[in-house]
Amino acid sequence: MFDGGLYMLLITSDPRDEVYRDVIDKAFKYCDEFILVVRKDLSLSSQAKLVLSSLSNSLIEISEQFEWPGTMLGGGESAIVNYFKTDNHAKKILKEVSNSLHSWVQPDLPEDLSFIKGNNLWLVNTSHESESYFVTEEKEDLEEILGIRNLQIKQK
């Protein structure tokens, strides 16, 4: 089934609870950065603001963008894309504030928690569309992803 090249593995059911925590653990093992998006056209809850504030020590960069992994905005309104390093502090926060990959939706939380390995996408999450997928060329990454117990995926 998997014989080399670029693998795209579609997550077919929202990773929740233990599966979510395992996905976060793998992402932090393999990735350098993650992003969280704040849309200007949507309100942001006090909890979401607290999450961003709690992650401030892990912040790498804030950028105004019209697109980010999995999303391209139309209508001329940009969003704020926050880039964070994958350190233990950030991992702890992501596990504490959510128990589901697709719960990263404004106004309750910043949007579209996604992960980057080097300069490449690794886990693309479009939370409001409930669509997520892994992208990798690495056999070791692939084996680890496939080893996440109860993670429902199919090759895309």
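Modeller: In this predicted model, ring pairs join Phe 28, Phe 34, Phe 84 and Phe 115 into a cluster. The whole structure contains six aromatic pairs. One of them is formed by Phe 28 and Phe 115, in an edge-to-face arrangement with 5.7 Å from centre to centre and 70 degrees between the planes. Phe 28 belongs to helix α1 (residues 17-30) and Phe 115 to strand β7 (residues 111-117), so this pair ties together parts that are 87 residues apart in sequence. Phe 28 is buried, at a relative accessible area of 9%, and Phe 115 is buried as well, at 0%.

A further edge-to-face pair consists of Trp 122 and Phe 134, with 5.2 Å between the centres and 85 degrees between the planes. Because Trp 122 lies in strand β8 and Phe 134 in strand β9, the pair ties together parts 12 residues apart in sequence. Trp 122 has a relative accessibility of 2% and therefore counts as buried; Phe 134, at 1%, also counts as buried.

Trp 122 leads on to the largest pocket, whose lining comprises Leu 6, Lys 117, Asn 120, Leu 121, Trp 122, Val 135, Thr 136, Glu 137 and Glu 138. Two elements, β8 (120-126) and β9 (131-136), each give two or more residues to this lining, and β8 gives the most, with three. By class, the lining has four nonpolar, two polar and three charged residues. The space in this pocket is about 150 Å³.

Glu 144 and Lys 29 meet in a salt bridge, at 2.8 Å from N to O. Glu 144 is buried, with a relative accessible area of 18%, whereas Lys 29 is partly exposed, at 48%.

Glu 143 is partly exposed, with a relative accessible area of 47%, while Lys 139 counts as exposed at 57%. Elsewhere, salt bridges with shared partners join Asp 25, Lys 91 and Lys 95 into one network. The structure holds 11 salt bridges.

Definitions and conventions
Residues numbered from 1 in each chain as written. Predicted model: local features only at pLDDT ≥ 70, side-chain atom pairs only at ≥ 80, totals over all residues. Heavy atoms only, no water. 1 Å grid on protein atoms, 1.4 Å probe; cavity = no way out; pocket = protein on both sides within 12 Å on 5 of 7 lines; lining within 4 Å. Points joined across faces, edges and corners; volume = space filled by probe spheres on them. Helix = DSSP H or I, 4+ residues; strand = E, 2+ residues; numbered from the N terminus. Nonpolar A, V, L, I, M, F, W, Y, C, P; charged D, E, K, R; others polar. Phe/Tyr/Trp six-rings, centres within 6.5 Å; stacked < 30°, edge-to-face > 60°. Buried < 20%, exposed > 50% of the residue type's maximum accessible area, 1.4 Å probe, protein only. Salt bridge = Lys/Arg side-chain N within 4 Å of Asp/Glu carboxyl O.
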